[in-house]
Amino acid sequence: MKIQKKPVIDLGCCNQCEVCIDLAPHAFKMIEAGYVDVLPLDSYEDDEDILEAVKNCPQDCISWE
């Protein structure tokens, strides 16, 4: 069985620019508390939109867990 990786946002360096939400709205969402959260999905790492969001984060605060 393959272990699925999941994107994780370092909230300490996230400036809420919402690039990740623009690129992968099915995976990232701004929640009412004022920070970006990762939405539950069956798989993340084969999704091109999510890979683009991780790559294009201007603060480099999205990593893989």
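Predicted model: local features only at pLDDT ≥ 70, side-chain atom pairs only at ≥ 80, totals over all residues.
In soluble globular proteins, nonpolar side chains tend to be buried together. In this model, the largest nonpolar core has 16 residues, and the ones that touch the most other members are I9, C20, A24, F28, V36, I50 and I62. Three elements, namely α1 (19-23), β3 (36-38) and α2 (48-56), each bring at least two residues to this core. The largest share comes from α2, with three residues.

Pick out I50 and look at who surrounds it. Setting aside residues up to four places away in sequence, I50 touches P7, A24, H26, A27, F28, L41, Y44 and W64. Two of those partners, A24 and F28, are also on the list of core residues that touch the most other members.

Now for some empty space. Rolling a probe the size of a water molecule over the atoms shows where empty space is left. Here the structure holds one cavity of 30 Å³ or more, and the volume of the largest cavity is about 80 Å³. Which residues line the largest cavity? They are I9, C14, N15, Q16, C17, E18, V19, C20, V36, C57, C61 and I62. Sorted by class, that lining has nine nonpolar residues, two polar ones and one charged one. Notice that I9, C20, V36 and I62 are in this lining and also among the core residues that touch the most other members.

Several cysteines show up in that lining, including C14, C20 and C61. How many disulfides does the model have? The count comes to zero. Take C14: the nearest cysteine sulfur belongs to C61 and is 4.5 Å away, and C14 is in no disulfide. A disulfide needs the two sulfur atoms within 2.5 Å, so a pair has to come inside that limit to be counted.

Next, look at E18, another residue of the cavity lining. You'll find E18 in the loop between β1 (7-9) and α1. Its phi is near 70 degrees, a positive value in a residue other than glycine. Is E18 buried or partly exposed? It counts as partly exposed, at 33% relative accessibility. D60 also has a positive phi without being glycine, near 50 degrees in this case. D60 sits in the loop between α2 and β4 (62-64), and D60 is exposed, with a relative accessible area of 61%.

Move on to the loop between β2 (28-30) and β3, where G34 has its place. G34 is partly exposed, with a relative accessible area of 37%. Along the chain, G34 and Q16 are 18 residues apart, and their C-alpha atoms are separated by 8.1 Å. Y35 is in the loop between β2 and β3 as well, and Y35 is partly exposed, at a relative accessible area of 32%. Between Y35 and C14 there are 21 residues in sequence and 8.2 Å in space, C-alpha to C-alpha. Leaving out residues up to four places away in sequence, Y35 touches L11, Q16, K29 and M30.

L23 and A33 are ten residues apart in sequence, and 21 Å apart in space, C-alpha to C-alpha. L23 is partly exposed, at 33% relative accessibility. Apart from neighbours within four places in sequence, L23 is in contact with D49, E52, A53 and N56.

The last stop is V8, in strand β1. V8 is partly exposed, with a relative accessible area of 28%. Not counting residues up to four places away in sequence, V8 touches C61, I62, S63 and E65. The C-alpha atoms of V8 and V36 are separated by 10 Å, with the two residues 28 apart along the chain. Two of the residues that V8 touches, C61 and I62, take you back to the lining of the largest cavity.

Conventions:
Residues numbered from 1 in each chain as written. Heavy atoms only, no water. 1 Å grid on protein atoms, 1.4 Å probe; cavity = no way out; pocket = protein on both sides within 12 Å on 5 of 7 lines; lining within 4 Å. Points joined across faces, edges and corners; volume = space filled by probe spheres on them. Nonpolar A, V, L, I, M, F, W, Y, C, P; charged D, E, K, R; others polar. Core = buried A, V, L, I, M, F, W, Y, C linked by side-chain atoms within 4.5 Å. Buried < 20%, exposed > 50% of the residue type's maximum accessible area, 1.4 Å probe, protein only. Helix = DSSP H or I, 4+ residues; strand = E, 2+ residues; numbered from the N terminus. Contact = heavy atoms within 4.5 Å.
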